Amino acid sequence: MKIIVPVKRVIDAYVTVRVKGDKSGVVTENVKMSMNPFCEIAVEQAVRLKEAGTATEIVVVTIGNDGGQDVLRTALAMGADRALHINCGADTPEPLAIAKLLKAVVEKENGDLVIMGKQTIDGDNNQTAQMLAALLDWAQGSFVSEMEIAGDKINITREVDGGLQKLALNKNAVLSVDLRLNEPRYASLPNIMKAKKKPLDASTPADWGIDVTPRLKILSVVEPPARASGVIVNSVAELIEKLKNEAKVI
C-alpha cells in the first residue's frame with residue numbers, strides 16, 4: 001500500500017498572529033513557521049502503518065512557496081520515504097486548486113490511500129479532503145479519531161456533533177484526521193540528517209497541467225473585537241434577570 005500524505009507549512013501554533021497594517025493579510029516575515037498540527041498527525045499515522053507492515057511507501061507532498069521544503073524535510077525525518085514540492089510562488093492556492101493538484105499526484109503515484117489533516121490552522125477551511133475524495137471518486141472518512149485496517153476494509157471512528165460514528169471504508173480512501181488519533185513523534189537528530197539524503201522532487205502547477213488562479217479575493221483581514229468584560233452578580237435571581245432581559249438567551 002502506498003500512502004500519500006499532503007502537508008502544509010503554517011505559522012507555528014504557539015505564535016501570536018498579527019494582522020498587517022494594510023489589512024491585506026497576516027504578518028509572516030520573521031515569524032516561526034512549522035508543519036500544520038493536523039498534518040503532523042497524518043504523517044505519524046502513515047509512519048505507524050508502515051512500521052506495522054501495512055504500508056510499503058509514504059510520499060509526502062506540499063503545495064506552497066519555497067519554505068515548504070522545511071516541512072517536507074520534517075516529514076521525511078519522521079519516517080516518510082519521498083517528498084514532492086509543488087511550488088506555487090507567493091500565493092497559496094485555494095482548496096479546489098489544491099485538491100486538483102493532489103488528484104494529479106495520487107494518480108501519477110498510483111497511491112492507494114490519502115491521509116491528511118482535517119484542516120489547516122491558517123485557512124481553517126476544512127474543504128480539501130472532501131473535494132479530493134469527490135474528484136477521485138474514492139471513499140471518504142473525515143474527522144478520524146481512530147482507524148484500523150482489516151483485510152480490504154478500513155475501519156474508522158469519526159467525531160460528529162452527536163458523539164462518535166464508526167464506518168467501514170474501502171481501501172482506496174481519503175482520510176482527514178483529528179487531534180485524538182495519535183501523538184506525533186519528534187524527529188531525532190540522526191533521522192533529520194538522514195532526511196537530507198531522501199528524494200525531494202520540485203515542480204510547479206504548470207508541470208501538472210493545473211490552473212491555480214484564485215477565484216476569490218481577500219478584501220480585508222481584521223482582528224476580532226476585544227471581548228467585553230464580565231459582570232459579577234450577587235444572586236441567582238439577578239443572573240436569571242440579566243440572562244432574560246439583557247442577554248435575551250432565556
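Predicted model: local features only at pLDDT ≥ 70, side-chain atom pairs only at ≥ 80, totals over all residues.
1. Two strands count as paired here when DSSP finds at least two bridges between them. Strand E7 (residues 139–150) and strand E8 (residues 153–160) pair in the antiparallel sense, over six bridges. One place to look is Glu148, whose bridge partner in E8 is Asn155.

2. Now zoom out to the whole sheet. How many strands does the open sheet have, and in what order? There are nine, and they go E9-E8-E7-E10-E6-E1-E4-E5-E11, with mixed pairing. At the edges sit strand E9 (163–170) and strand E11 (200–203), each of which pairs on one side only. On average, neighbouring strands of this sheet are turned by 30° against each other, if you ignore direction. As background, strands of a sheet pair through backbone hydrogen bonds, either parallel or antiparallel.

3. Helix H1 (residues 37–51) packs on this sheet. The strands touched by H1 are E1 (2–7), E4 (57–64), E6 (113–117), E7 and E10 (173–177). The direction of H1 makes about 145° with that of E6. Helix H3 (residues 95–109) lies across E1, E4, strand E5 (82–87) and E6. Against E4, H3 runs at about 150°.

4. E4 deserves a stop of its own. Is this strand enclosed or open to the outside? Eight of the eight residues of E4 are buried, so E4 is largely enclosed by the rest of the structure. In a regular strand the side chains alternate between the two faces of the sheet. Both faces of E4 are covered: on one side Glu57, Val59, Val61 and Ile63 are buried, and on the other Ile58, Val60, Thr62 and Gly64 are buried too.

5. Look next at what E4 pairs with. E1 and E4 run parallel and are joined by six bridges, with Lys2 standing opposite Glu57 in E4. E4 and E5 also run parallel, again joined by six bridges.

6. Moving on to E5: five of its six residues are buried, leaving the strand mostly covered. E5 pairs in the parallel sense with E11, over four bridges. Within that pairing, the bridge partner of Ile86 in E11 is Ser203.

7. Back to H3, this time for its helix neighbour. Two packed helices are described by the angle between their axes and the distance between the axes. The axes of H3 and H4 come within 8 Å and cross at roughly 50°. That angle makes H3 oblique to H4, and the crossing is right-handed. Which residues make the contact? From H3 they are Pro95, Leu96, Ile98, Ala99, Lys100, Leu102, Lys103, Val106 and Glu107. From H4 they are Thr128, Met131, Leu132, Leu135 and Leu136.

8. H3 also holds Glu109. Buried or exposed? Glu109 counts as buried, because its relative accessibility is 11% and the cut-off for buried is under 20%. Leaving out residues up to four places away in sequence, Glu109 touches Lys2, Ile4, Val59, Arg82 and Leu84. Two of these names have come up already: Lys2 as the residue opposite Glu57, and Val59 as a buried residue of E4.

9. Last, a couple of backbone angles to check by eye. Most residues other than glycine have a negative phi. Asp137, however, has a positive phi, near 60°. Asp137 is found in the loop between helix H4 (128–136) and E7, and is exposed, with a relative accessible area of 68%. Lys248, not a glycine either, has a positive phi of about 55°. Lys248 lies in the segment after helix H6 (236–245). With a relative accessible area of 64%, Lys248 is exposed.

Note on methods:
Residues numbered from 1 in each chain as written. Heavy atoms only, no water. Helix = DSSP H or I, 4+ residues; strand = E, 2+ residues; numbered from the N terminus. Axes fitted to C-alpha atoms, helices over the stretch in contact; angles between N-to-C directions. Contact = heavy atoms within 4.5 Å. Buried < 20%, exposed > 50% of the residue type's maximum accessible area, 1.4 Å probe, protein only. Parallel < 35°, antiparallel > 145°, perpendicular 65-115°, else oblique. Left-handed = near helix turned anticlockwise from the far one by under 90°.
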